[in-house]
Amino acid sequence: MTDTNSYSAATEVASTITRRTRWERARITLKKAPLTAWFGMIVIACYVFVAVFAQWLAPYGEADSSFAAYAPWGDGHVFGTDQIGRDVFSRLIYGAQNTVGIAFITTILSFFIGGGLGLVASIDQGWIDQLLSRFVDILMAIPSLIFALMLLTVFGSSAWSLILIIAVLDSTRVFRITRSVAVNVAVMDYVEAARLRGEGLGWVMRREILPNIMPPLVAEFGLRFCFVFLTIASLSFLGAGLQPPTADWGSMVRDFAGLLQFAAFDLKAGLTPLLPAGCIALLTVAVNYVVDWFLHLTSGLKD
Amino acid sequence: MSNDSNQNAGETGEILLEMRDVRIEGWSDEKWNPIIKGVDLTLRRGEILGLIGESGAGKSTLGLAGMGFTQPGCRITGGSIVFDGVDLVTATETEKRALWGSRVTYVAQSAAASFNPAHRLIDQTVEATVSHGIQSESLAKDDARILYASLSLPDPETIGERYPHQVSGGQLQRVMTAMAMSSRPDLIVFDEPTTALDVTTQVEVLLSMRKIVEEFNTAAIYITHDLAVVAQMADTIKVLRYGQEVEEAPAREMLESPKEDYTKSLWSVRALHKETQPSDDIVLSIDGVDAAYGRGLKVLHNVNIQVPRGRTVSIVGESGSGKSTTARVITGLLPPMSGQVTFNGEALPPELKGRSKDQLRRIQMIYQMADTAMNPRQTVGEIIGRPLEFYHGLSGKAKEQRVLELLEMIELDESFYDRLPSEMSGGQKQRICIARALAAEPEVIICDEVTSALDQIVQEGILKLLMKLQEKHGITYLFITHDIATVEAISDEIVVMYMGEVVEQGSKDQILTAPFPEYTELLLSSVPEMDPDWLTKLAEKRGQEA
């Protein structure tokens, strides 16, 4: 029995005894990651590697059309050439850079817009919140693909207008989720304590609320990224996305779609349109695996 | 199933539940940690056993184990739990589920969180009884109405038709007792059923719980951290600490002559006492304040409070009496409709935005729940360091040095500098909150129920610390609480509030000495005393008056 006279606050037993740095914690978490999460992380790492070093990895240039059109697989061109004689393999590699890169920038931008406004709305909870939320409701009421197509025809299909339009349309979803998780944090005593201290809006947003809503936002980031990626691919497939000669997987699927009918004669030629489609599918699956794992970790189901 | 409902068929005195050398482990921090380290427990029919201890002592875990239930992340690793001939450690889930809700029932701490808000109370009261096939729905409902009546609920015939949000917390807790009683169980486990209630409500709930348990001769395990409460309810008291038994004795014996030092320390706060010193130097004055939330109901009516410098003024009253709203008016979170707050002879701007950094610095606040008052993602160094940086412009080494000094002032050491709130105990967290308030070098600290979420020993430590800091730095406290023992321990002056009005303000001796106004009398007499006959006497007294 401990003598109660020697009571001291420092010796009170707290729930956690071992003190770990953030790195150690991350390492332990990684160690316990399931196979699917590892698969996802490795695939994503490969995509990032290819996207970053596309210039050095690709055997030919992105717009180099100096070869014979519709060359078969092998023979200097691993996956043959396309309708105007560009190397398919090289274009797949450049496609990673363009499609993944643009999707990434778009997602980040949509998080800046949606997340920032969502935080402002959650702290304000007055007329600013009403105004923003209703405006978002209006935007969300319009089918986003059709809305994006319409805006792209108005503003033109440059890479930057593509990024801006999709980012703004997507930020409505980010706004919704940020606002809904942030309102729960905004009513916490520590946020009130910060306001009583006289802290400004920026501090409360960045330092008090944001760190506490990161887990759902990171998970949402993964999912949003997939959707943006698919939207860009769909828009490209419809011809309103990235314009030639920029290589991108969506428009490659469209360009090669006609080859499918030749599968009966040359199986490899028939497979060509499935290559960019496969690239899109694989990345989407990989991202979802990682997000699933992350959601599981942060949903409080652990231990 | 129906023959299972041989309610209280056994004789009083026959052993109902016997736990031998029970060991339970919980999974945390990547390993199994022992929670219960070999505890024996014997409960006879018709007997009430009080389980008492600090948070983390394992009392809830043990109480639930008495039902054969373990919380997720826990496992029973040894011992036997025999309930009326059935070993619950080896019993299958199906066997246990046949017992739960029919022969063994549970009353949780938070009634509000335990009821489904979408269903009527009476449907929830009889649900388990009906699904176990003990009684038909209509019979069970008739019985529920009788139970409501014997639990002294208002309108017992119709209250069951209401939804959980339409009754008060104390009423809900009684409905939950009715729910537990509906199947006429052999054993009820009460897990801190009155901890979340006001003293005045607590008395009513305790009385009705005791009455109904006696009426049906049910055995009960009563879990609480309040010795005075358990004294009213239990025949036998078992004190737990660190998952082990400290001592067990009949209630009277335990109160008159506790053997272990630890048991004595459980009511140590009640031994603290402060000599009052009068003072005329008013630092904070609240004059004629009316306040309301939104355009809704007015919650404060013409509140006048004078706070002398370097003294402690306690505001007491039950929940909804306007104590916390008064604090919000002072801090500027809720601008008053009329009246004003004067600080150091100057009128404070009513709104937070209108106040200068210096005015904000001089009035600091400490919250009830230290858990939610600190950002879980910030370390202690960041939490205490921020006001230093914000108000005093300290940074780098100077800031770190000052944080360490503050840690020393609150009796913690430098090893806490890098900790996150989740890595500290409740008392340590509250100390960090005190340090954060001190960092601003305030003149007035508003303490909103700062000790009510803490165990007795920890409470004592925190109160002592606050008094020491007051002596040394001349800080003025505005102490909001509903706990009269705390008030007695620390205040110079007392303000009694009821329904948004100040009933009385005066020095401690003046307020706590008879004669009392009606409400103060009710409040003071509702505070449980260390006397096993207290509740009985009180019931008699109030019964006579009524």
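Modeller: First a convention: axes are lines fitted to C-alpha atoms, for helices over the stretch in contact, and angles run from 0 to 180 degrees between N-to-C directions. Helices (H or I, at least four residues) and strands (E, at least two) are DSSP runs, numbered from the N terminus. This is a predicted model, in which local features need pLDDT of at least 70, side-chain atom pairs count only at pLDDT 80 or more, and totals for chains, interfaces and linings use all residues. Residues are numbered from 1 along each chain as its sequence is written, with chains lettered from A and ligands numbered from 1 in the order in which they are written.

Biologist: At roughly what angle do the axes of α4 and α7 of chain A cross?

Modeller: The axes of α4(A) (residues 88–124) and α7(A) (residues 159–186) cross at roughly 40° and come within 5 Å.

Biologist: Is that crossing left-handed or right-handed?

Modeller: The crossing of α4(A) and α7(A) is right-handed, meaning that the near helix is turned clockwise from the far one by less than a right angle.

Biologist: Now chain B. Which residues of helix α4 are buried there?

Modeller: In α4(B) (residues 121–131), the buried residues are Leu121(B), Ile122(B), Gln124(B), Thr125(B), Val126(B) and Thr129(B). Buried means 20 or more other C-beta atoms within 10 Å of a residue's own, exposed 12 or fewer, and partly exposed in between, with C-beta atoms placed from the backbone.

Biologist: What do they pack against?

Modeller: The buried residues of α4(B) pack against α5 (137–150) and α6 (169–181) of chain B. After α4(B) comes Gly133(B), with a positive phi near 70°.

Biologist: And the sheet: in what order do its four strands run?

Modeller: The order in chain B is β2-β1-β4-β5, an open sheet with antiparallel pairing; two strands pair if DSSP finds at least two bridges between them. β2 (31–44) and β5 (86–87) of chain B stand at the edges with a single partner strand each, so one side of each has no neighbour in the sheet.

Biologist: How many bridges join β1 to β4 in chain B?

Modeller: Eight bridges join the antiparallel strands β1(B) (residues 15–28) and β4(B) (residues 74–83). Glu25(B) stands opposite Arg75(B) in β4(B).

Biologist: Where is Tyr242(B) found?

Modeller: Tyr242(B) is in the loop between β9 (236–241) and β10 (244–250) of chain B. Its phi is positive, near 50°, although Tyr242(B) is not a glycine.

Biologist: Why is Tyr242(B) classed as partly exposed?

Modeller: Because Tyr242(B) has 17 other C-beta atoms within 10 Å.

Definitions and conventions. Contact = placed C-beta atoms within 7 Å.
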